[in-house]
Amino acid sequence: METQTIQNEKPATKTTERISGSEAIVRCLIEEGVKIIYGYPGGAIMPVYDELYKYQDQIHHVLTRHEQGATHSAQGFARISGKVGVAIATSGPGATNLITGIADAQIDSTPMVCITGQVPSHLLGSDAFQETDIVGISTPVTKWNCQVTKASQIPAAIAKAFYIAKSGRPGPVLVDITKDAQFEEFDFSYEKCTKVRSYFPVPKTEISTVEAAAKLINAAKKPFIVWGQGVILSEAEQGLKAVIEKAGIPAAWTILGASAIPTKHPLNVGMVGMHGNYAPNMLTNECDVLIAIGMRFDDRVTGSLNTYAKQAKVIHFEIDPAEVDKNVKTDVAVLGDAKASLELLLPLLNENSHPDWHQQFKDLYAFEYEKVIKNDIHPTKEGLTMGEVIHQINIQSKGNAAIVTDVGQHQMIACRYAEFNQTKSNITSGGLGTMGFGLPAAIGAKMADPEREVVSISGDGGYQMTIQELGTIFQQKAAVKIVVLNNGFLGMVRQWQQLFFDKRYASTEMTNPNFVAIAEGYYIKAKKVTKREELADAVAEMMASKEAYFLEVCVEQEDNVFPMIPSGASVSDVRLE
């Protein structure tokens, strides 16, 4: 949506109260049901923090140790709760430090509202101290943004921000508010936004497209579903489950779609993509009807578009018209909310089972198990593997934990092997691939759902990008379980260097600090594991802890993640070693 400056609204007809702009900001957040926000104070946002001090019995502010940590925490909060996450920062570097998290939220469709302070309006454009054009900077990575220069504009701007962030395909919104607008008094009233002119968040579903999709599916001999995060965002999990069970369709997931259907469901055939499971990748190019639900055909899923599912009729269930035919040409596009579309589809489907087709998936899984999976989770070699660590976490959590990962080899291993019984359990950075995401996102996830076990899994590289958020964990008493899989390398880059650059390990070897001592410096109980016989007890002790716990596991340095589809190759060109 276009960037714009909020203009003065018509006088409110509701009962008003004369307050400052800064108090109005806090009151607006309360009206939107916000209970927790993440942020870092500074000069241009200080009036708002003064009001937060007065309202701390209604809104809990979490002081992160870096503004990037605030956005990732807000993302973790949003991803596990389904609500809008909120981050707040001052102008200049405070605002620019939000950008990575905002960009991450944009590409992964995470609802988030960021509020930034700005220099007084009379100083705009003067290169004043800590002035940056955050509206201009954030325009490419926000769903909508605006700048507010008058206190009277604040309620409408914030109401619109929450509506746009959550409606349709969710995303991040930024509202930049000048300091004089925060001090200025006006007659306050608040009304939630329910529509925006020329903005249609959910396209109308044409029943004819649903009927066309059902006709293709009913006639298919080898139908195949790939679902993404759109299923989770639209709360269509039960609808998807009903569809695959009635029509007997094998279904695979993108990493952001993981956990929408339990891992052990018999029709869940695993993960697609560069490090996905062998069967769903290989059989993508053998299915006769490919049904994509709430996914955008990312390049890490499709590999070479020139060879992707060319034999198949493609059905695309999608809320964002811009995604249809963007990467993969569709035969039938069903626009609309996934939950509503699947409800329309279900009664039109014939009951089916496709036993021979399912057997192909089982046979290829058995092949992958012998070649890869068995060696990852039940290794016979001396060194510890990342897969056996995830396996031990599964044993202790029984599939009920929320797993929050950073980005790298550990991420792919966790997505491949973590077991999930309930939705919104796999929280990771997908499209942007943000190292440093995991630890702060786990804080937000744990605070959104304190009763759930939340396990943060990072590599030694990404962990050090936001390691300072251990201070937030300590101060907030957030009982996050933190696992660092330490291989002494930037592992994913090192794997590519090994496979494609003749083992020239340029700038990927890590000389790491004493991670246990650092955790203990933040008063977090910590342990280091170097031997297989220590692992099970250490994981059990960590999971039993009622407080935050740090576990470092030293894994093999040159352990690779397979299967692997080389960049730009066909999904059929899967390497198992």
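Q: Is cysteine 28 buried or exposed?
A: The model is a predicted one. Buried means under 20% relative accessible area. Cysteine 28 has a relative accessible area of 0%, so cysteine 28 is buried.

Q: How many disulfides does a search of the whole structure find?
A: A disulfide needs two cysteine sulfur atoms within 2.5 Å. The sulfur of cysteine 28 is 12 Å from the closest cysteine sulfur, in cysteine 146, which is too far for a bond. Cysteine 146 is in no disulfide either, as the nearest cysteine sulfur, in cysteine 193, is 12 Å away. Over the whole structure, the number of disulfides found is zero.

Q: Which residues is phenylalanine 500 in contact with, leaving aside neighbours within four places in sequence?
A: Proline 566 is 66 residues from phenylalanine 500 in sequence, with 9.3 Å between their C-alpha atoms. Contact is judged on heavy atoms, within 4.5 Å. By that rule, the contacts of phenylalanine 500 are Met564, Pro566 and Arg575.

Q: How many residues does the largest nonpolar core have?
A: In soluble globular proteins, nonpolar side chains tend to be buried together. Phe224, Ile225, Trp227 and Ile293 have the most contacts inside the largest core. Another core, of 46 residues, lies apart from it and includes Ala70 and Phe77. The largest nonpolar core has 98 residues.

Conventions:
Residues numbered from 1 in each chain as written. Predicted model: local features only at pLDDT ≥ 70, side-chain atom pairs only at ≥ 80, totals over all residues. Heavy atoms only, no water. Buried < 20%, exposed > 50% of the residue type's maximum accessible area, 1.4 Å probe, protein only. Core = buried A, V, L, I, M, F, W, Y, C linked by side-chain atoms within 4.5 Å.
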